[in-house]
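Please open the structure in a viewer and keep the selection tool at hand. The stops below may be followed in order.

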Amino acid sequence: MTSAPSALINLAAEQKSADVTDWAARIGWVVGLLLFIALLYWLMREGWKWRGTLQGDLPELPTAPADQGEPTLTMNGRYHGSTTAGQWLDRIVARGLGTRSRAELTLTEQGVTVVRPGAQDFFIPADRVRGARLDKGIAGKVLTEGGLLVITWVHGDREIDSGFRSDQAAEHAAWVESLTHLHHLNSDTEGAR
């Protein structure tokens with residue numbers, strides 16, 4: 001019987017504590033991971049700048065006229081971005097059109113004024129509006145069906161889709177109807193010339 005306790009004592013004497021963590025290797029891995037993340041961020045930033053350079057031929061955005069007349073509709077919500085018309089993944093970043101932001105839209109007979117706190121405001125003249133529709137996505141933002149108001153307009157030699165989402169999504173239908181009506185008025189006027 002004395003051999004069993006002595007065997008336990010020998011077993012306990014042979015056990016060793018866990019190895020101490022190799023801090024140098026762990027710190028090396030963390031630093032390597034942080035450098036990799038920084039490289040990815042830098043590459044994305046350079047890609048964004050390159051896209052802006054490629055779209056450098058886009059003229060300055062129009063500004064709202066001093067006297068726009070009475071507002072037909074107003075909307076508070078978010079601006080989600082602009083793309084080449086019909087190509088919902090071809091984001092336009094030049095002239096600040098790639099910057100997502102809060103937005104206040106005002107529709108008058110003159111066009112649509114887009115006020116964006118923290119980003120460049122712009123104006124879509126009535127004669128450049130080509131239509132409006134409800135959609136579900138635009139360059140990096142996908143919503144439920146009909147959750148996005150997309151205004152199609154011409155700027156320079158490009159046809160652009162700009163996506164907005166109202167704080168009250170029920171307002172979208174009235175905007176589509178009014179912008180479609182505005183487009184038909186202007187296309188009838190242009191045809192009469």
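Over the ring of which residue does the charged end of Arg26 sit? Select Arg26 together with Trp23: the charged end of Arg26 sits over the ring of Trp23, 5.9 Å from its centre. Please note from the outset that this is a predicted model.

**The nonpolar core**

Select next Leu105, Phe122, Trp175 and Leu179. These are the residues with the most contacts inside the largest nonpolar core, which has 27 residues. Among the elements that give two or more residues to this core are strand 1, strand 3, strand 5 (122-125), strand 9 (148-155), strand 10 and helix 3. The largest share, four residues, comes from helix 3.

Keep Phe122 selected and display its surroundings. Phe122 is buried, with a relative accessible area of 2%. Leaving aside residues up to four places away in sequence, Phe122 touches residues including Leu61, Pro62, Tyr79, Trp153 and Phe164.

**The aromatic cluster**

How many aromatic pairs does a search of the whole structure find? Such a search finds three aromatic pairs. Select Tyr79 and Phe164, whose ring centres are 5.4 Å apart; their planes are at 50°, so the pair is tilted. Tyr79 belongs to strand 1 and Phe164 to strand 10, so this pair ties together parts that are 85 residues apart in sequence. Tyr79 counts as buried, at 0% relative accessibility, and Phe164 likewise counts as buried, at 0%.

Phe122 lies in strand 5 and Trp153 in strand 9, so here the parts tied together are 31 residues apart in sequence. Trp153 is buried, with a relative accessible area of 0%. With these residues on display, one aromatic cluster is in view, formed by Tyr79, Phe122, Trp153 and Phe164.

**The salt bridges**

Side chains of opposite charge can pair when their charged atoms come close. The structure holds six salt bridges. Select Asp57 and Arg158, a salt bridge whose closest N and O atoms are 2.7 Å apart. Asp57 is found in the loop between helix 2 (23-54) and strand 1 (73-84), and Arg158 in strand 10 (residues 158-166), so that the pair links distant parts of the chain, 101 residues apart. Is Asp57 buried or exposed? At 52% relative accessibility, Asp57 counts as exposed.

Move to Arg95 and Glu60, which form a salt bridge with the closest N and O atoms 3.0 Å apart. Arg95 lies in the loop between strand 2 (91-92) and strand 3 (101-107), while Glu60 lies in the loop between helix 2 and strand 1, so the pair ties together parts that are 35 residues apart in sequence. Arg95 is partly exposed, with a relative accessible area of 30%, whereas Glu60 is exposed, at 52%.

Now select Arg102 and Asp167, where the closest N and O atoms of the salt bridge are 2.9 Å apart. Arg102 is in strand 3 and Asp167 in the loop between strand 10 and helix 3 (172-192), 65 residues apart. Arg102 counts as partly exposed, at 37% relative accessibility, and Asp167 is also partly exposed, at 44%.

**A last stop on strand 1**

Finally, select Asn76, which lies in strand 1. Asn76 counts as partly exposed, at 42% relative accessibility. Among the residues that Asn76 touches, not counting those up to four places away in sequence, are Arg102 and Asp167.

Definitions and conventions. Residues are numbered from 1 along each chain as its sequence is written. This is a predicted model: local features need pLDDT of at least 70, side-chain atom pairs count only at pLDDT 80 or more; totals for chains, interfaces and linings use all residues. Side-chain values use heavy atoms; hydrogens and water are left out. A salt bridge is a side-chain nitrogen of Lys or Arg within 4 Å of a carboxyl oxygen of Asp or Glu. Buried means under 20% relative accessible area, exposed over 50%, partly exposed in between (1.4 Å probe, protein chains only). A nonpolar core is a set of buried Ala, Val, Leu, Ile, Met, Phe, Trp, Tyr and Cys residues joined through side-chain atoms within 4.5 Å. Contact means heavy atoms within 4.5 Å. Rings of Phe, Tyr and Trp (its six-membered ring) pair if their centres lie within 6.5 Å; planes under 30 degrees apart count as stacked, over 60 as edge-to-face and the rest as tilted. A charge sits over a ring if NZ of Lys or CZ of Arg is within 6 Å of the ring centre and within 35 degrees of the ring normal.
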